[in-house]
Amino acid sequence: MNKLKEIFKEYPARFFNKFKGLSIVYPTVIMLLICLVITAALAGTNAITNKRIDTLAEQKETKAMQRIIKADSYDKETTELNGEKYDYFVAKENNEVKGFIFKISEKGYGGTVLALIGVNVDNTVKAVELLDVSTETPGLGQNTANKDFTKQFENKGGEFTAVKYGTATADSQINAVASATITSKAVTKAVNEAITVSEHINNISKNDEETEEIETGDIETDISEEN
Amino acid sequence: MKSKNLNVFTNGLLRENPVLRLVLGTCPTLAVTTAAKNGIGMGIAATIVLVCSNLVISLLRNVIPDKVRIPAFITIIAGFVSVVQMLVKAFTPAIDEALGIYLPLIVVNCIILARAEMFASKNSVLPSILDGLGMGIGFTAVLTLMGAIREFFGAGTILGFAVTSKFISPMIIFLLPPGGFFVFGMLVALSNALAKRKGKPIVEKMGCENCPAKDSCDKSTESCENAKEAE
Amino acid sequence: MKTTTMIVSILLAGLLTNNMVLSKFLGICPFLGVSKKVNTAVSMSIAVTFVMIIATAVTYPIYYYLLQPKYEYLETVVFILVIAAIVQFIEIFLKKYIKPIYNALGIYLPLITTNCAVLGITMLNVTDFDITKYSFGKLYLFSLTNALSAGLGFMLAMVLFAGVRQRLETADIPEFMKGLPITLVAAALCSLSFLGFAGIGG
């Protein structure tokens with residue numbers, strides 16, 4: 001027992017004492033060793049946990065997407081509008097496009113609000129779901145995640161404006177959550193953004209179809225000339 | 001020997017409660033206590049980091065040279081914080097969302113660095129672990145209490161269960177930043193009143209005596225006062 | 001959003017609506033500990049702002065080019081070490097080359113390493129701006145502006161509060177509220193007044 005104690009306690013101490021004389025080398029080596037060990041430990045933990053973290057996040061997202069637009073597949077695509085890049089998902093069932101799902105973050109009250117917005121092919125809102133409102137005030141801004149608030153957007157199109165609770169009169173006006181006008185406005189802004197991008201995507205695909213027709217026409221004439 | 005260790009453990013619970021008596025770690029105390037559940041989550045995460053870092057630092061106390069003491073401590077603490085962060089993300093994602101940026105900020109929670117500097121770097125392994133455990137539980141207890149108070153008044157629930165929210169419209173201000181400052185002030189006042197009745201000194205200042213950065217803080221205020229006198 | 005609007009909204013948020021100290025609870029220690037006199041408060045916050053900007057200038061590229069998307073788990077360790085090294089380096093540099101500034105601010109520097117506001121802002125820069133949406137140049141600009149505005153917001157809170165505290169010293173306060181409790185209640189009122197800014201620049 002004593003021998004073990006000697007090995008574990010005194011031997012390293014003696015070893016390190018020899019080093020301690022070198023005033024710059026010793027601290028550097030120790031810091032380096034600590035950093036190496038810590039990094040290795042972190043890499044190890046990451047290897048164990050990252051798959052779980054990723055699948056958790058993915059599950060949460062696909063579940064939310066299933067609730068918004070039911071489809072077999074969600075293909076990720078990217079588009080650019082006014083110098084900003086937007087990632088979106090094309091919801092397809094039996095190879096037919098049912099709508100687009102946008103993931104848009106907007107500045108809320110305490111930080112950013114992350115919303116998933118489903119838009120039909122005709123640019124009306126299918127459904128809205130909030131993925132992250134953790135930076136908003138609990139009991140106020142966080143209530144924007146409730147269905148009572150988000151269902152106001154459903155099956156409507158155009159530009160929405162958020163107004164004070166209980167004062168909405170028109171279809172495009174959204175009743176803000178009581179005393180949380182800022183978060184409500186942020187969500188509304190995200191929805192408007194999604195609609196604009198969706199319109200943009202639809203325009204592009206329309207143009208693409210037209211150009212495609214012209215191109216196929218050209219090829220046909222080419223072939224006939226060769227013949 | 002045994003009673004001494006027990007003493008070290010209970011120290012952090014009441015006599016030297018890190019939040020109310022030493023006034024350390026005020027940032028997370030104010031920030032995450034919007035619900036009792038968040039207080040518990042934060043407290044447990046910080047306790048794990050505190051115990052682990054105390055353990056490792058006390059093991060390495062004769063190896064780490066004085067020159068790089070603070071950077072070495074910070075690296076070790078940051079390592080444990082990241083490990084805890086990943087585990088929380090993987091197994092209790094709801095807590096991770098609620099704590100947000102304050103979870104990685106445990107690194108700069110002065111309780112942990114203060115205990116490393118004041119206790120673990122001077123004591124052997126067992127007392128260091130007990131000290132970390134005691135301080136951590138003390139921290140958790142106050143955070144949970146504060147979370148419960150703010151949740152009760154601000155949302156009418158405790159641990160998510162409706163208490164008064166059905167028939168009294170809650171005072172939301174308790175969940176907002178001013179409510180945090182106010183409830184914390186009241187808790188310190190209460191603990192002061194209790195301490196006074198027991199003949200213990202009351203807490204008047206920030207926890208500077210126990211802060212690892214005390215020296216430079218003192219110097220800065222001193223030199224400022226000297227400069228003013230010179231004027 | 002347009003770059004200029006974005007910058008204005010970041011500046012307003014840091015100063016008023018999302019004030020570092022009064023609504024995010026970062027940097028509470030110096031806020032309650034050092035804010036007794038107005039001139040100490042000003043020097044401390046200048047030093048903090050300075051370190052915040054430099055820390056952001058160094059950590060953001062490290063995050064963008066080295067850490068994301070695969071090594072994000074090293075963020076905490078890397079950032080805190082980089083900040084500690086930067087503070088040390090600034091101290092040595094100022095001491096050697098710009099003595100007047102060192103004499104004015106140098107003493108605050110060691111304090112800043114463990115100031116959660118500095119680590120906080122470098123981490124918020126990573127989470128606040130959508131990395132898939134903007135180019136690196138824009139993100140870098142936003143982050144630096146964010147650091148500047150957070151520092152200025154810190155200064156505003158410190159200076160305002162130093163004024164409040166000087167009044168508190170002459171006030172007649174019940175025994176058990178003296179010292180820290182009344183300071184915290186005063187901070188609550190300060191923070192309450194900042195709630196009134198909510199919505200500006202949103």
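Reply: Start with one pair: Phe89(A) stands opposite Ile101(A) in β3(A). The model is predicted: local features need pLDDT of at least 70, side-chain atom pairs count only at pLDDT 80 or more, and totals for chains, interfaces and linings use all residues. Residues are numbered from 1 along each chain as its sequence is written, while chains are lettered from A and ligands numbered from 1 in the order in which they are written.

Two terms come up throughout. Helices (H or I, at least four residues) and strands (E, at least two) are DSSP runs, numbered from the N terminus. Two strands pair if DSSP finds at least two bridges between them.

First, the whole sheet. Five strands of chain A make an open sheet, ordered β1-β2-β3-β4-β5, with antiparallel pairing. β1(A), residues 73-81, and β5(A) stand at the edges. Each has a single partner strand, so one side of each lacks a neighbour in the sheet. On average, neighbouring strands are turned by 25 degrees against each other, direction ignored. Angles here run from 0 to 180 degrees between N-to-C directions; axes are lines fitted to C-alpha atoms, for helices over the stretch in contact.

Now go along the sheet. β2(A), residues 84-93, runs antiparallel to β3(A), and 6 bridges join the two. A helix covers this ground too: α2(A) packs on the sheet and touches β1, β2, β3, β4 and β5 of chain A. Its direction makes about 160 degrees with that of β5(A). A contact here means that the C-beta atoms of two residues, placed from the backbone, lie within 7 Å.

β4(A) covers residues 112-120 and is mostly covered, with 7 of its 9 residues buried. A residue is buried if 20 or more other C-beta atoms lie within 10 Å of its own, exposed if 12 or fewer, and partly exposed in between, again with C-beta atoms placed from the backbone.

On its other pairing, β4(A) meets β5(A), residues 125-132, in the antiparallel sense over 6 bridges. Leu116(A) has Glu129(A) in β5(A) as its bridge partner. This is a hairpin as well, with 4 residues between the strands. In the turn, Asn123(A) has a positive phi of about 65 degrees.

Where does the sheet sit in the chain? Chain A has 4 helices and 7 strands. Its pattern along the sequence is α-α-β-β-β-β-β-α-β-β-α. Of its 227 residues, 35% count as buried. Take the contacts in chain A between residues at least 6 apart in sequence: 48% of them join residues at least 24 apart.

How far does the predictor trust this chain? The mean pLDDT of chain A is 80, and 82% of its residues reach 70 or more. The pLDDT is the predictor's confidence in each residue, from 0 to 100.

Last, the neighbouring chain. The contact between chains A and B takes 25 residues from chain A and 29 from chain B. On the chain A side, α1 (2-20) and α2 (25-68) each supply at least two residues. The largest share of that side, 15 residues, comes from α2(A). By class, the chain A side divides into 15 nonpolar, 7 polar and 3 charged residues. Ala, Val, Leu, Ile, Met, Phe, Trp, Tyr, Cys and Pro count as nonpolar; Asp, Glu, Lys and Arg as charged; the others, Gly among them, as polar.

To link the two views: α2(A) packs on the sheet, and α2(A) also gives the largest share of the side of chain A that touches chain B.
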